[in-house]
Amino acid sequence: MSFASIHVPNFMVQAVLRGEPQLRDRAIALVEGAPPLVRVVAATEAALRAGIQLGMAKLQAQLCGVEIRPRSRTQEKAAHAALLDLGWSISPRIEDHAPETIIVDVAGLASLFGSHENIAHEIVQRAAGLGLLVHLAIAANLETAVQAARGFPGITLIPAGEEEKCLSSLPVRALSPSVEALETLDRWGIRTCKELAALPVLELSERLGQEGVRLHELARGASTRSIVLAEPCELMEEEMELEDSVEDLEPLSFLLGRLLDQMCTRLAARSLAAAAIRLKFELGDLFEKDFQVLAENVPANFASGEDARKIYKKVLQLPVPMRDSKMLLRLLRLQLQADPPPGDIVKITLAADPARPRSTQGGLFVPGSPNPEKLELTVARLAKLVGNANIGSPELVDTNRPGEFRMTRFVPETNETGFRRRNRIARKKAAAGATASGANSEGALGKPMTGCRIFRPSVPAAVELREGCPAKVFFRGLCGRVVAASGPWRTSGDWWRENSWHQDEWDLEIEFYIANAGAGGAAGLYCVYYDSDCRGWFVRGVYD
Amino acid sequence: MYTELHARSAFSFLEGGALPEELASVCVERGMAAMALLDRDGVYGAPRFYLAAQKLSLRAHIGAEVTAAGGWRFPLLVETRTGYQNLCRLITRMKLRARKGEGHVSDEELAEKAAGLICLTGGREGPLAHALSRGGIESGTVCVRQLCEIFGHTNVYVELQRHLDRAEEARNHAALEIARKLRLPVVATNGVSYALPEQREVLDVFTCIRNHRTLEAAGRLLARNSERYLKSPEEMAHLFLDIPEAIANTQLVSSRLQFNLSDLGYEFPKYPVPDGKSQMHFLRERTQEGMVKRYGAENEKARAQIEKELALIEKLDLAGYFLIVWDIIRFCCEHSILVQGRGSAANSAVCYALGITAVDPVGMDLLFERFLSEERGEWPDIDLDLPSGDQRESAIQYVYERYGKLGAAMTANVITYRGRSAAREIGKALSFDAETLGRLTSLVSAWEYKDENDTLTRHFQDAGLDLQHPQIRKFLELCVKFQDLPRHLGQHSGGMVVCQGQLDSVVPLEPATMPGRVVVQWDKEDCADMGIVKVDLLGLGMMAVLEDSLKIIRDDYGEEIDLGRLPMDDRVVYETLQKADTVGMFQIESRAQMSCLPRLQPKRFYDIVVQVAIIRPGPIVGKMVNPYLKRRQGREPATCLHPSLEPVLERTLGVPLFQEQLLRMAMIVAGFTGGQAEELRRAMGFKRSEKRMKDIEQKLRSGMEKNGITGEVQETIVQSITSFALYGFPESHAASFALLAYSSAYLKCHYLAAFTAAMLNNQPMGFYQPATLVKDAQRHGLRIKPIDVTCSEWLCKLEKQDESFSVRLGLRYVKGLRADVGAEIVRERNLHRFVSIDDLKLRVSAIRKTELATLAEIGALNFISEARGSHRRDALWQIERTSRNAGPLLERCEETEGSVSGENEATDGATNAAVKSPLLPMTADERLVADFRGTGMTVGPHPMRYHRARMKRQGVVTASELNNLPDGTHVRFAGGVIARQRPGTAHGFVFLSLEDETGIANAIITPRLFEEYHVVIVHQQFLLIEGRLQNQDNVVSVKVENVQGLAVTQAETTSHDFH
């Protein structure tokens, strides 16, 4: 048996620079974090020489005069996928050891590639072709190969029986011991594999337990374990580059249908279904379209800048795992109709998050609920009509900002949870009724509560003031005389944010009249407010 | 006209956003003539509010919001002195029975203490609002009726607040209905929580801190709007246009509130004297006895001074105060506790005669008025220095016992938000992550000197924060707003107040965090301002060192030393001081002191008094240091500012160095009385007001003109007085400190081992780290032995060998070793010696693996077995096995084996320990790293010693060689940084003390160089400096031109920074 361990040093940097090898010698630092707390997480050699330290703030890094780039987990994923591809291009037996390390079983490859040295060079060459500079070690012992690839640069070939000798200069840290074991070894002055291997194993096990024995074996190159073969990629992905770009939905649907069929076949073969479908379009030249890309569908790193215009992404979260390609296509079509891509599509990437398929059985005595697939279709159709941001379950937000709420994804309650929830609400109501029936905090004085029908969005109005108090109100083409006014009720907040608010609300009894015909129209009780930030009056709603 | 009757200040701790002074001044700006401060469960801010109001001619009404069992608060206004006393007692009772920060009053207690108090029905947190929310208008009516029963129908006002809130207005409607029904008057308030609308932000952050939330997550806990600011009468009248009587009634209530804080009714306790004698008579007797003892019966000058002082004491009726302090001194003497009065008390011959102070004010011609004067109308201030620790605690407990739990209490210490604490709390509220917060707070500068770039803005940039980001900008703004706002109430380290009768009727008392302690709600400044006498029982590390030294000398040397009878002309002491060899000596060990000593060349005790006082901001800012030193060295004539000042300035060669001289100068040149002169000093003091300063300066000038002192001389005298007054040091205080300085120098020179052990046992204290103290002692020939579990005690101790003493380090220096485990080790070892590490682990079962590892790593287990050549790694190898549980199966095996070989247990243990490990011994540097990691010091060679050959090749000289090089030589020096300073008076210069194996060298870094090498200078432990040697009058330092970090060791050495 022989194993080749392929290790990508400084993986984060390599992942980013994979497509731009000419930048390798430049001083580049990768940063990560939410602004304003952005930190350096990796850097090129040149950047480290320029004074960059990991953990440094972005501003400090800029002072060192290096180029700053964001860390890209997508590119890391792609680099990892490329690494796996590299392994699979050599042998079907590979182990996905870590994002930056894979192990390839090279036994029996001599007839294809020749000696171990040839295999090593072939791998390094192919890795370079993929834009990766790798360290590689081949050994009969799998763990020895891993440690050597991590610890030594370039190609390391370890003849069988010489593992211990070869690893002797390797730092103990490279064996990935636990923090506690590392501290103990450090206190003992054991810093290299040679020193560790020289310790008596029995006495070591008395002191460090099984971990001591494991580390000892690793240090001697005597650790034995089998290769853990990598499963094919979890994220199932299908890609299609288009010779002619596609603009319209119909031909796009045809292509998507093909991809979905393939995907569902693959899922079925593995007895899986899709929990989510991730659609990515690479766009060609942009053209002016009054399309709105919904914020929640666009990841932060694509929300602005160059990429935001070239890549279009859409995630179709499914209520239950599905693999009905026709249903999936209908849902995707609805999503795309509601939110079309802002340009010609030149490449389609379709990925599925695999999950175990749904297996539920309805209760004998519970009323039937809508089929989740159909319900999702209905919700998607509604979303197409009203926009994604306007569908779901409203949820109150804990804030003093008037009328604030958010929409959460509509999830039909199961019979059991629905029963429990209704039961809990009923109990709460009963308890509240014992102290102040039908009264909230404002109605706690025993007065009946008044309902207010909120206009969403608020209706712009013009208000005429007399001695600081509204006297006439004009909105929606109506004119009204204020018969009685109560207020202002002042609220302000979120002063630490850019979108702070400051509003003066009035409760007004308005008698409407027709401008030319004089008084005599209908009357109503309205909630009207003045927004200091946009310096305008609005009608929030009408009281019952 | 409107009076605000319900305002909270920041002394409601996290529930108010403005200081009382700020509220008072805004109140006056808005045209109000009176205001009531009602802080939560206390009168914490009342003195500051009262004093500020007095200055602004504002009537300051006092009250408090008192918490009830249901969580609501009764807003109570004090009408009369009885009412104030009732309020204080009510709060004291609720506080003392509850945990800190908690507690509530019952209706019965309220009824009992209701006299003299007016109750409002409160706003959102008041009793009425709670009743309304519970049961509507009926419940509200019942609640108000109950209040009328408790406080009386005429003492309850239905309170209306309008913060433009619907729910509140609904409550107001109900309140009006109840008021009409019960025929009660209504009164408008604004429930003020801050002075200005923008301070609402501070209050919101306080809310987050109180509720442990971030601003994002606080939701409706935050204020709905910014309406709780101090509104003008016009604004309030406009708000209550429909209820004008609510506004008018505020005036009525205000006119009823006759009490103010000048009417506290405080009385100092009377000292119990034998029957038939007055306190004064008793004091005269005690003073007479003391005078004979201290001065002899024939000293007429002393007698006259004492008579003069006693006459004033009698006139001001202060005999009781002196007797009480004398009583504390007597207690300390009876219990062998070192005690020494300091501060201005040392100006008093009566204090000297009573044994309160150790400095002879008659012999030193000190000015009594600095201590006590008729004009000032204040209590004298006597500070007592006691050894820090248990002995000070026993003196404090004695005062408690003597005056009762409600008769004595500690003064409070108001902890305020400073740069770091504010940044931390605000950062948390703004959801900053822990790492950024840590980075930010560590960057907030602690240098004393602040250059123009040393701003919060700069720190934020250094921390990598983008100032363009709105959240960061807000953070910065809030940090500025938070400065000096109270955070919580602590306990002053030693200030005690006592009272005749019940202290709890003067100021509310609270339990302190420390068990058995009670603390008043005011800090020592407030107590002084309110005329409450305080006695400071301060813990002084050096007193503890002296006391411990005396004990060690008694026990080990067999000698008895009396600090009161030390020879004050000891040649060795003065020679040592002249060489500035003063590491560890009280007050004269700092770098600045060391650089002055060789120039001052002290030859007698008074020189030490000068030495203690001269390195102070006053003389430095007033540019007095160099003229004095030059005159002392005969390099310039000792002229005087004016011939009339010669008697005053003669002793200090014509240069004013002490506060007393300033006072006397004012008395001579401007004809001030002693009291007026003291008033002058205070006007120039810390809380200086421009107007007060101008007034007094005018008086000074006109006085001088009357005496014919005009023109340039007048200007020079005024200049020297004003520039000096702020930071000057009283001569009496300097003399008290000089006594301690001399004692410490004497003990160090003659009993180095005892002094070093005592210093090490009382760390942290002083200017240097223990590592430096150890190295200094070693350079003086003292042997310091490492920690060894077979012979070390918890504390450092002396060991005698061949008629000489060495110091054995104690287990207290093992980092992470718990004191109880240390005591257990010593106890078990004293029973019989440990034969192996297993034996130690078995007998000291509480010991943890980490503790064993540290002991092994520092070599403290090396001698546990008798096997020769056992090294630290042998022990480390051993403890890993010892600490690991064998598991149930093997444990049984071991038990069986143990029982079989039980008879030979000790032998087996020894054999076990003798088993050698396969590990190599530590190298010298590894030992060094282990020593510093485990104990913070090494008794082995200094780290620089290992690199001397390399250093020599690079042309680096040693600290001792520096002393012999001529001025101006270009030198290279390398050493470990033991102190970094950037004094406020040094214009941005940085001073470093670097240590090598031969001694300490000083380096001076210019602001430009500091700017350039900031990171290296601040963060590197070892430095290689290059520059021009300055060797003037045996004061040696290197003016650095180049600096670089030096890789010497991985050991984590530490330095004492940022003074």
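Which residues of E1(A) point one way, and which the other way? A:Phe3, A:Ser5 and A:His7 point one way, A:Ala4 and A:Ile6 the other way, and all are buried. Buried here means under 20% relative accessible area, with exposed over 50% and partly exposed in between (1.4 Å probe, protein chains only).

The model is predicted: local features need pLDDT of at least 70, side-chain atom pairs count only at pLDDT 80 or more, and totals for chains, interfaces and linings use all residues. Residues are numbered from 1 along each chain as its sequence is written, chains are lettered from A and ligands numbered from 1 in the order in which they are written, and side-chain values use heavy atoms, without hydrogens and water.

Strand E1 of chain A spans residues 3-7. Strands (E, at least two residues) and helices (H or I, at least four) are DSSP runs, numbered from the N terminus. Because 5 of the 5 residues of E1(A) are buried, the strand is largely enclosed by the rest of the structure. E1(A) is joined to strand E6 (residues 101-105) of chain A by 5 bridges, antiparallel. Pairing requires at least two DSSP bridges between two strands. A:Phe3 has A:Asp105 as its bridge partner in E6(A). E1(A) also pairs with strand E7 (residues 135-139) of chain A, in the antiparallel sense over 5 bridges. There, A:Ser5 is partnered by A:Ala137 of E7(A).

Strand E20 (residues 536-543) of chain A has 8 of its 8 residues buried, so E20(A) is largely enclosed by the rest of the structure. Strand E15 (residues 452-466) of chain A runs antiparallel to E20(A), with 6 bridges. A:Arg453 bridges to A:Val542 in E20(A). Strand E19 (residues 523-531) of chain A also pairs with E20(A) in the antiparallel sense, over 6 bridges. The hairpin of E19(A) and E20(A) has 4 residues between the strands, and A:Arg535 takes a positive phi near 50 degrees.
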